[in-house]
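Q: I have this model open and want to go through it piece by piece. Can we start with the ground rules?

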Amino acid sequence: MTKGNTGESGGTQTRSWKLVPMPGLDRVREAARRDKKMQFTALLHHIDEAALVRAFWSLNHNATAGVDGVTWRQYEDGLEERLRDLCGRIHRGSYRPQPSRRTYLPKEDGTKRALGIAALEDKIVQAAVAAVLEAIYEEDFFGFSYGFRPGRGQHDALDALSVALQTTKVNYILDADIRGYFDTIDHGMLLQLVQERVGDPRVLRLIGRWLEAGVVDEGRWQASEAGTPQGATISPRLANIYLHYALDQWAHEWRKSSARGEVIIVRYADDFIVGFQYEQDAKAFQAALQVRLHEFHLELHPDKTRLIEFGRFAIERRQKRGEGKPATFNFLGFTHICEVTMEEKKTSFWVKRIPKKEKIRATLKKLKSALRRVMHGSIPSVGAWLRKVLEGYFAYYAVPGALWQLSRLRRQLGYFWLKTLRRRDQLRTLTWEQMTTIVDTWLPEPHAMHPLPAVRFSVRNPR
């Protein structure tokens with residue numbers, strides 16, 4: 001695991017990323033596995049009508065429409081004729097992508113994340129091309145890369161990180177953040193990197209046109225001089241390819257040739273954690289990483305990148321120096337904490353994971369506002385809705401060690417619901433004891449929905 005976390009996982013991905021494999025790509029996959037330097041010069045013939053059909057059905061059926069205003073269900077009407085025409089335009093070279101529709105999502109820090117919603121036909125073609133790229137690059141990507149890959153999910157990355165921290169000699173953590181990664185990818189360099197494996201000029205032309213299509217923001221078209229629009233089907237694959245060359249290959253070689261001690265790496269898209277046995281290695285890696293990223297027109301965020309003492313010996317060492325508890329770090333929505341427990345008069349180190357406080361606050365804030373909007377709904381209808389919301393939240397965050405925080409969230413949500421009912425019906429006499437019955441009826445109690453990291457990791461990575 002510390003040499004690459006190379007096992008295959010059995011995790012699932014959300015439907016919008018789940019591309020159905022094309023049978024004709026088996027030979028591409030085998031050739032890519034056999035020759036790591038092969039450049040594929042004939043790939044467009046894999047983007048046929050059957051591939052477009054599979055791509056269409058892999059898309060989110062309820063996704064928001066792009067600038068074309070066409071939804072998935074509208075496009076389904078007359079699907080065969082539409083896809084036949086689309087396929088013909090692709091192979092004649094007359095297909096032209098439309099700009100993405102710009103929309104914004106609020107972030108935890110109060111800023112907004114810009115998303116680009118592609119037109120439906122662009123989503124279809126991008127999904128088909130992404131499947132081709134996947135067949136090639138899945139043979140190149142390293143085992144410590146988990147984001148937007150088949151059979152790998154966020155909890156696979158979290159498991160790998162926890163197991164690495166608990167079983168290796170890691171004493172320092174580099175919690176790295178690339179400033180505005182998706183917005184700063186260099187288009188020219190990205191196409192050069194893709195050409196390492198993709199030599200078909202028609203496929204490269206498609207990728208180039210998507211990058212140059214621009215965005216429509218409040219009715220105005222804007223050129224895209226850098227970056228890949230978050231929200232486009234092709235973007236995660238291109239972003240993975242860029243970081244594969246900019247970070248993964250280099251980091252893998254660095255830890256083999258330059259590190260004195262153990263080094264572990266876990267990356268999910270542009271979020272990555274690097275652990276070191278020695279502080280000297282950690283500082284040398286961070287300095288070299290800044291230089292490496294600069295070569296690819298990227299940079300570490302100075303305020304969000306930290307080097308901290310963390311690991312099985314961190315608590316003991318800091319106590320001897322008269323210092324406080326080890327710092328914590330966040331990864332994929334969880335705060336990771338150094339903990340020790342007593343087992344048969346022996347101390348045992350483990351990594352406790354709890355939902356980020358910012359995540360919990362943001363969730364409660366949204367639900368509080370939503371409860372006001374559905375104030376006049378019946379208790380059964382509101383309760384059924386809240387149950388689905390909590391079940392979805394628990395499905396991700398209900399890991400061992402985090403149930404106490406989730407119970408607090410459930411209790412706080414019940415309190416917000418009580419205030420809403422009092423305001424709606426002027427029931428000042430409705431007590432918390434009475435509300436507890438309603439809460440217990442509709443809001444599920446949290447229970448662990450994920451096994452201990454070592455258990456699942458050992459099953460999915462038997463080596």
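A: Two strands pair if DSSP finds at least two bridges between them. Helices (H or I, at least four residues) and strands (E, at least two) are DSSP runs, numbered from the N terminus. This is a predicted model: local features need pLDDT of at least 70, side-chain atom pairs count only at pLDDT 80 or more, and totals for chains, interfaces and linings use all residues. Residues are numbered from 1 along each chain as its sequence is written, and side-chain values use heavy atoms, with hydrogens and water left out.

Q: Good. What do S6 and S7 form?
A: A hairpin, with 2 residues between the strands. In the turn, Ala269 has a positive phi of about 55°. The pairing is antiparallel, over 6 bridges. Arg267 has Phe272 of S7 as its bridge partner.

Q: Switching to helices. Which residues of H8 are buried?
A: His187, Met189, Leu190, Leu193 and Val194. Seen down the axis of H8, they fall within an arc of 165° (taken from the directions from the helix axis to the C-beta atoms), so they line one face of the helix.

Q: What covers the buried residues of H8?
A: The cover includes helices H5, H9, H10 and H11. Contact here means heavy atoms within 4.5 Å.

Q: Now charges. How many salt bridges does the structure hold?
A: 27. A salt bridge is a side-chain nitrogen of Lys or Arg within 4 Å of a carboxyl oxygen of Asp or Glu. One of them joins Glu134 and Arg237, with the closest N and O atoms 3.5 Å apart. Glu134 is in H5 and Arg237 in H10, so the pair ties together parts 103 residues apart in sequence.

Q: Are those two buried or exposed?
A: Both Glu134 and Arg237 are buried.

Q: Where do Asp175 and Arg306 lie?
A: Asp175 lies in strand S3 and Arg306 in strand S8, so this pair ties together parts 131 residues apart in sequence. Their side chains meet in a salt bridge at 3.7 Å, N to O. Asp175 is buried, at 11% relative accessible area. Arg306 is partly exposed, at 32%.

Technical notes: Buried < 20%, exposed > 50% of the residue type's maximum accessible area, 1.4 Å probe, protein only.
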